[in-house]
Amino acid sequence: MKDRLAASYWLHENHFAAASSALVTDRRRKAMERFEAEGFPTVRHEDWKYTNLKRLLKEDYALHSPFDASDDAEPIEFKDIKRFLVNDIDCYRVVFINGRYSSWLSETTHSGFDVCTLGSAWKKYAHHVEPHFGHLTEELGALVQLNTALAWDGLYVRVPNGVILDKPIQALYFTTGDQPIFNQTRSLIILGENAQAEIIERHQSLTTAQSWTNAVDEVFMGAGARMHWVKLQHDEASAALTQHSVVHQKRDSYATVHTISTDGKVLRNNLDFKLAEPGAEARMFGLSLADGKQLMDHHTRVDHLAPHCTSHENYKGLFDGESNGVFNGQIHVHVDAQKTLAFQQNDNLVLSEKAAIDTKPQLEIFADDVKCSHGCTVGQLDDDALFYLRARGIKEKEARALLMVAFAHDAVADIQHPSLQAKLNRLIGKKLGVENFGFAL
Amino acid sequence: MIEIVNLHASVDGQAILKGINLTMGAGEVHAIMGPNGSGKSTLSNVIAGREDYEITEGDILFNGESILELAPEERAHLGLFLSFQYPVEIPGVSVSNFIKTALNEMRKARGEEPLDASSMLKKMREKMDLLEMDKGFLSRSLNEGFSGGEKKRNEIFQMAMLEPKLAILDETDSGLDIDALRIVANGVNALRSPENAFMVITHYQRLLDYIVPDYVHVLYKGKIVKSGDKSLALELEERGYDWIKKEQA
């Protein structure tokens, strides 16, 4: 697999080079060299101890190059994707099929700000892409390097200083076809000073063929910028996602990321924040609802690089069947990052004998005037609460579901759009089996 | 309405109830009093169907039928209600949503149609007025951050909504100031009817000034050792439990 990916890169390097600047090509090549040297991470890597990629690597994936002729046997139409949209919010829409931008399904803009595809930005917006692309990912692991080398398309957003997006952006990545497919998607989001954007992102397989999307996102937030990013992971049982998102925040910027994982084969989320200037605040919320043989893995890392920054993290997990959960929360408070406020909480319910969660808070604090707290819990449903509900006439199965919904509630409480929140609640309700008894979510 | 016959119950092999006999008819209010550790809360939990207790002997008949084999929810559907001594906090579930769910589950179990939204709201308003509750209450998370008094009032609110045949009030007076006590008692009194019955479990006679019982029973070491009318409660208030303990010794 490694060799095929490398071959695919070297075969097309001239295409990549022709369509982007020398600097970008250089970064790609270095990334591919590192990937070739390191190969896919194995469970011997500390970061991948509980998430074994073997089960993804055994598939015989088709590798699409962005430079191949389009081979969409069955073109995807709007009706095919409609149900995956948050339809009642007016949005910009950027749609990708098997890693390729689909212009006929998208609604992009260039008036006042750019919401489009990275594929069209390499050359056209080279002066914006060059100073950013690969900057936050250089030091990261082999999967990210693979993406840097091979990824071509993904969401591109650039918002100039002081501009507030008039509506949210939906970024939708679909996979389709009968063959197993391995995709690289890459997004670049650049928010100027006091700019604001809201992003709803979804990776979705349209088939039951095996798929693996390896996504990398870089987000640059100027002073006072605000961003709200909702990642909705409700995919087919055949679909895997490995995603590494890095957010770089300048003074007084404010970022919120919700990662709501309700279905998928393997979901590995890496979410990193670099709080580079005073007053920056990062908030992250996560929810994993796993069953069957699903694996849901959250690795988060916050670097407090400057004084007076705040990070707030609350992840919840419910694990049933033979599912596995992983939570690793790193907080690094660097020297001089005085007056840091860092809160981290990870609560888990394990609902069956065979489900498991490995949770690990990891705090490294090199400043002395900081407030950091962390906590993680692993437990079962509260018997007292269950009895309380049953004594009010609510059947056991439904009482359990209600308690699970209540447990999960925190993770979506902060989502602003009522219709998006309602959609997430519906997905959560569906997963937890409460949709059929009158409990209004 | 309910007949408790020679009821023995134990938890983790330790006998707590050691032969309770108690019969309550419709329209009656019975007070169960007794010192700490006498088995009052165990009795209420066993009647409501808590599974942590093992019934080693005896029976509980509700309208003539044994309910020992029934799940807590099935007992609730028959019209049993327990007002909890320590109501559980459930963040993420609003009071209104909870009550709506509970009430409609009850109706479903009885083969009735769910109550439509406007009737539900009307009913909630009516019962909230009765208990002098603030409207904002409905949207709060169930018991989360409630004061002791609010939790108890919420229990009585649920009772008012669910209209049980037999309500067991487990130390509903504890943690209530005198105004809250009066409001809760007024609520209970307004719900009294010839068709329902109340079992009021309390340490103190105070509550019984407001909810006047027909019978008072003293529970001690897992048995009812004395029964009488409301004057027994007054006597206990005056003399404490020591004379009962001495009598039993």
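In which hand does helix 9 of chain A pass helix 10 of chain A? Keep in mind that this is a predicted model. Select residues 396-413 of chain A for helix 9 and residues 418-432 of chain A for helix 10. The crossing is right-handed. The two axes are 10 Å apart, and the helices pack at an angle of about 145 degrees.

Now show the side chains where they touch. From helix 9 of chain A, pick Ala401(A), Met404(A), Val405(A), Ala408(A) and Val412(A). Their partners in helix 10 of chain A include Leu424(A), Ile428(A) and Leu432(A). Colour this contact by class and you get eight nonpolar residues, three polar and no charged.

Next stop: chain B. Select helix 4 (residues 117-130) and helix 5 (residues 148-162) of chain B, whose axes come within 10 Å and cross at roughly 135 degrees. That angle is why helix 4 of chain B counts as oblique to helix 5 of chain B. This crossing is right-handed. On the helix 4 side, look for Lys123(B), Met124(B), Lys127(B), Met128(B) and Leu130(B), which meet Phe157(B), Ala160(B) and Met161(B) in helix 5 of chain B. By class, that contact has six nonpolar, no polar and two charged residues.

Last, zoom out to where the chains meet. Here 24 residues of chain B are in contact with 20 residues of chain A. Helix 3 of chain B has the largest share, seven residues. Colour the chain B side by class to find 15 nonpolar, six polar and three charged residues.

Terms used. Residues are numbered from 1 along each chain as its sequence is written. Chains are lettered from A and ligands numbered from 1 in the order in which they are written. This is a predicted model: local features need pLDDT of at least 70, side-chain atom pairs count only at pLDDT 80 or more; totals for chains, interfaces and linings use all residues. Two residues are in contact if their C-beta atoms, placed from the backbone, lie within 7 Å. Helices (H or I, at least four residues) and strands (E, at least two) are DSSP runs, numbered from the N terminus. Ala, Val, Leu, Ile, Met, Phe, Trp, Tyr, Cys and Pro count as nonpolar, Asp, Glu, Lys and Arg as charged, and the others, Gly among them, as polar. Axes are lines fitted to C-alpha atoms, for helices over the stretch in contact, and angles run from 0 to 180 degrees between N-to-C directions. Angles under 35 degrees count as roughly parallel, over 145 as roughly antiparallel, 65 to 115 as roughly perpendicular and the rest as oblique. A crossing is left-handed if the near helix is turned anticlockwise from the far one by less than a right angle, and right-handed if clockwise.
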